[in-house]
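User: Could you walk me through reading a protein model, one feature at a time? I would like the general idea each time, and then the case at hand.

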Amino acid sequence: ELTGLLKESGSLHPEELQKLTHLAKFTEASLRAIETQQMINVYSQENDNKYLLQIPLLFPEGVRTGEIFIELGKNGSGGEGINKKCHVVMFLSMDKLGDMVVDSSLSENNIACVFKFTDPEAQEYFSPFLEGLGAALRQIGYGTASLTSMVTEDLTVARQDCHREM
């Protein structure tokens, strides 16, 4: 639909045309990323029960990519049974919080989560919200094994480790 609108762009204001062109590029990049992820994740699912999702995030200065690594654990001998454990690591680059990692695990109904920031001010800003997050999770039926935040100098090694495991 966006491509059709861009072809008929004679009736659009230059400002609207620029916005549509930007949105079309973002949508096309998103679709390519999804297709690539589908191919990678089919292989990973069959072999390791691991998934990688790269999510394009649109910010005023352009598109940034967030990465989500998911590892599902199975209960039962030989790997059969329903998923009872899940480990999720998200790498994000946010406007106000900067580069951060959300490293979370879900086992049965208990959540453990560590929020890692490269900016000490971002961690200091975020920390007071952990108590409210824990209360909200308990209210919807989850137990919170731990919710913590910390500052780390570099997230590159953690990201490389996750990619290597994939």
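**Reading the model step by step**

Analyst: From the N terminus on, the elements of the protein chain run α-α-β-β-β-β-β-α-α-β-α, which comes to 5 helices and 6 strands. Helices (H or I, at least four residues) and strands (E, at least two) are DSSP runs, numbered from the N terminus. This is a predicted model, in which local features need pLDDT of at least 70 and side-chain atom pairs count only at pLDDT 80 or more, while totals for chains, interfaces and linings use all residues. Residues are numbered from 1 along each chain as its sequence is written, and side-chain values use heavy atoms, with hydrogens and water left out.

User: What pLDDT does the protein chain average?

Analyst: pLDDT is the predictor's confidence in each residue, from 0 to 100. Here the protein chain averages 79, and 85% of the residues score at least 70. Over residues 75-79 the pLDDT stays under 50, and the model has 7 contacts beyond four places in sequence for that stretch. Contact means heavy atoms within 4.5 Å.

User: How do I read burial, and what share of the protein chain do buried residues make up?

Analyst: Relative accessible area decides: buried means under 20%, exposed over 50%, and partly exposed in between (1.4 Å probe, protein chains only). Buried residues make up 24% of the 166 residues in the protein chain.

User: Which residues of helix 4 are buried, and which are exposed on the other side?

Analyst: The general idea comes from helix geometry: an α-helix has 3.6 residues a turn, so residues three or four places apart point the same way. In helix 4 (residues 129-139), Leu130, Gly134 and Leu137 are the buried residues. They fall within an arc of 65° seen down the helix axis, so they line one face of helix 4. The arc is that of the directions from the helix axis to the C-beta atoms. On the other side, Glu131 and Gln139 are exposed.

User: What do the buried residues of helix 4 pack against, and what follows the helix?

Analyst: Their packing partners are strand 5 (110-117), helix 3 (120-126) and strand 6 (143-151). After helix 4 comes glycine 141, with a positive phi near 105°. Glutamate 108 sits in the loop between strand 4 and strand 5.

User: Which residues make up the largest nonpolar core?

Analyst: In soluble globular proteins, nonpolar side chains tend to be buried together. A nonpolar core is a set of buried Ala, Val, Leu, Ile, Met, Phe, Trp, Tyr and Cys residues joined through side-chain atoms within 4.5 Å. The largest one has 12 residues: Leu97, Met100, Val102, Ile111, Cys113, Phe115, Phe117, Ala122, Phe126, Leu130, Leu137 and Leu147. Strand 4 (98-107), strand 5, helix 3 and helix 4 each supply at least two residues of this core, and strand 5 gives the most, with 4 residues. Apart from it lies another core, of 7 residues, among them Leu52, Phe69, Val89 and Phe91.

User: How many aromatic pairs does the structure hold?

Analyst: Rings of Phe, Tyr and Trp (its six-membered ring) pair if their centres lie within 6.5 Å; planes under 30 degrees apart count as stacked, over 60 as edge-to-face and the rest as tilted. The structure holds 4 such pairs. One of them joins phenylalanine 117 and phenylalanine 126, tilted at 50° between the planes and 5.2 Å centre to centre. Phenylalanine 117 counts as buried at 0% relative accessibility, and phenylalanine 126 counts as buried at 15%. Ring pairs also link Phe115, Phe117 and Phe126 into a cluster.

User: Is serine 149 buried or exposed, and which side chains does its own side chain make polar contacts with?

Analyst: Serine 149, found in strand 6, is buried, with a relative accessible area of 17%. A polar contact is a pair of N or O atoms within 3.5 Å; within protein, one must be able to donate a hydrogen and the other to accept it, and residues adjacent in sequence count only if both atoms are side-chain atoms. The side chain of serine 149 has one of 2.8 Å with the side chain of glutamine 123 and one of 2.7 Å with that of serine 127. Leaving aside neighbours within four places in sequence, serine 149 is in contact with residues including Phe115, Phe117, Phe126 and Leu130.

User: How far apart are valine 101 and serine 149?

Analyst: They are 48 residues apart in sequence and 9.8 Å apart in space, C-alpha to C-alpha. Valine 101 is found in strand 4 and is buried, with a relative accessible area of 2%.
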